Amino acid sequence: MLVIPPRAELHNRPVETERLILTPVDESDGHELWFAINGSRDTLKPWLPWVQYHTDPVASGRFAEACATDWDHGRAVRFVIRERASRTLLGIVGLEQCVHVHKSCDLGYWLRKEARGSGQMTEAAHACVEFGFRRMAAHRVRVAASTQNHPSLAVIARLGFRFEGIARQAEYCDGRWLDHAVFARLSSDT
């Protein structure tokens, strides 16, 4: 079974990297999430179907509340990515669709427009995947990205995931069907 530490434990001792701090998404993050999403709508919307539902700060607040509930019920662990120096909210990285019996989950992430191209998503995603393997005892982490989303595919490549195939028309997003390149890493992969 997966082992999901309590959110309070991670708020007291967050996941830290050289430049970033990762803490569980909390209800209090809703307002900042709204500004990050709304300010990056043009770069997020082509790849993420949920962006259209973040219509106001209340919707982002509901998302933050749902993240906390998902964590507490063992369905997903989502982290707010903050720049260590400024504490600016940069985005979200998380392990979704936790299947305890199979010790598996899916990596998901997004980054606000101003932080793109800085290597911070690779840094945050690496920390999240390692958290999954080391702290949650995950056996398999899967990730998928549109075959046209080259920045996301580059992050996946830098994380050492292995290509497993193409899921044709896997997602309807921004008025079109997207094929997904599917990748995975196992706890036994080096």
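Asp72 is partly exposed, with a relative accessible area of 48%. This value comes from a predicted model, as does everything that follows. Asp72 has a partner: its side chain meets that of Arg7 in a salt bridge, at 2.8 Å from N to O. The two residues sit in distant parts of the chain, Asp72 in helix H4 and Arg7 in helix H1 (residues 7–12), 65 residues apart. Arg7 is buried, because its relative accessible area is 15% and the cut-off for buried is under 20%.

How many salt bridges does the model hold? The count comes to 18.

Take another one. Glu16 and Arg84 meet through their side chains in a salt bridge of 2.7 Å, N to O. Glu16 belongs to strand S1 (residues 15–16), and Arg84 to the loop between strand S3 (77–83) and S4, so the bridge ties together parts that are 68 residues apart in sequence. Glu16 is partly exposed, at 44% relative accessibility. Arg84 is also partly exposed, at 30%.

Now move to helix H2. Glu32 forms a salt bridge with Arg82, and their closest N and O atoms are 2.7 Å apart. Glu32 lies in helix H2 (residues 30–39) and Arg82 in strand S3, so this pair ties together parts that are 50 residues apart in sequence. Glu32 counts as partly exposed, with 33% relative accessibility. Arg82 is buried, with a relative accessible area of 14%. Salt bridges can also share partners. That is how Asp70, Arg75, Arg78 and Glu96 are joined into one network.

Next, look at the largest pocket. Its volume is about 1100 Å³. It is lined by 40 residues, and those closest to its centre are Leu48, Gly108, Tyr109, Trp110 and Ser152. Which elements supply at least two residues each to this lining? Among the helices they are H3 (41–44), H4 (57–72), H5 (120–134) and H6 (150–158). Among the strands they are S4 (89–99), S5 (104–111), S6 (140–146) and S8 (176–186). Strand S5 gives the most, with 6 residues. What is the lining made of, by class? It has 20 nonpolar, 12 polar and 8 charged residues.

Nonpolar residues turn up on the surface too. Met1, Val99 and Val101 make a nonpolar surface patch of about 310 Å². Val101 is found in the loop between S4 and S5. Is Val101 buried or exposed? Val101 is exposed, because its relative accessible area is 63% and exposed means over 50%.

Compare another valine. Val143 has its place in strand S6. Val143 is buried, with a relative accessible area of 1%. Phe161 is 18 residues from Val143 along the chain, and the C-alpha atoms of the two are separated by 8.2 Å.

Now turn to the backbone. Most residues other than glycine have a negative phi. Two residues here have a positive one. Arg87 has a phi near 65°, though it is a residue other than glycine. Arg87 is found in the loop between S3 and S4, and it is partly exposed, with a relative accessible area of 46%. Ala137 has a positive phi as well, of about 60°. Ala137 is found in the loop between H5 and S6. Ala137 is partly exposed, with a relative accessible area of 26%.

One last stop is Asp26. Where is Asp26 placed? Asp26 is in the loop between strand S2 (20–24) and H2. Is Asp26 buried or exposed? Asp26 is buried, because its relative accessible area is 18%, and buried means under 20%. Gly119 is 93 residues from Asp26 along the chain, and their C-alpha atoms are separated by 25 Å.

Notes:
Residues are numbered from 1 along each chain as its sequence is written. This is a predicted model: local features need pLDDT of at least 70, side-chain atom pairs count only at pLDDT 80 or more; totals for chains, interfaces and linings use all residues. Side-chain values use heavy atoms; hydrogens and water are left out. On a 1 Å grid over the protein atoms alone, a cavity is a set of points where a 1.4 Å probe fits but cannot get out, and a pocket is an open set with protein on both sides within 12 Å along at least five of seven lines; lining residues have an atom within 4 Å of a point. Grid points are joined across faces, edges and corners, and a volume is the space filled by probe spheres set on the points. Helices (H or I, at least four residues) and strands (E, at least two) are DSSP runs, numbered from the N terminus. Ala, Val, Leu, Ile, Met, Phe, Trp, Tyr, Cys and Pro count as nonpolar, Asp, Glu, Lys and Arg as charged, and the others, Gly among them, as polar. Patches are made of residues with over 30% relative accessible area and no salt bridge: like charges are joined within 9 Å, nonpolar side chains (Val, Leu, Ile, Met, Phe, Trp, Tyr) within 5 Å. Accessible areas come from the Shrake-Rupley method with a 1.4 Å probe; for residues, only the protein chains shown count as cover. A salt bridge is a side-chain nitrogen of Lys or Arg within 4 Å of a carboxyl oxygen of Asp or Glu. Buried means under 20% relative accessible area, exposed over 50%, partly exposed in between (1.4 Å probe, protein chains only).
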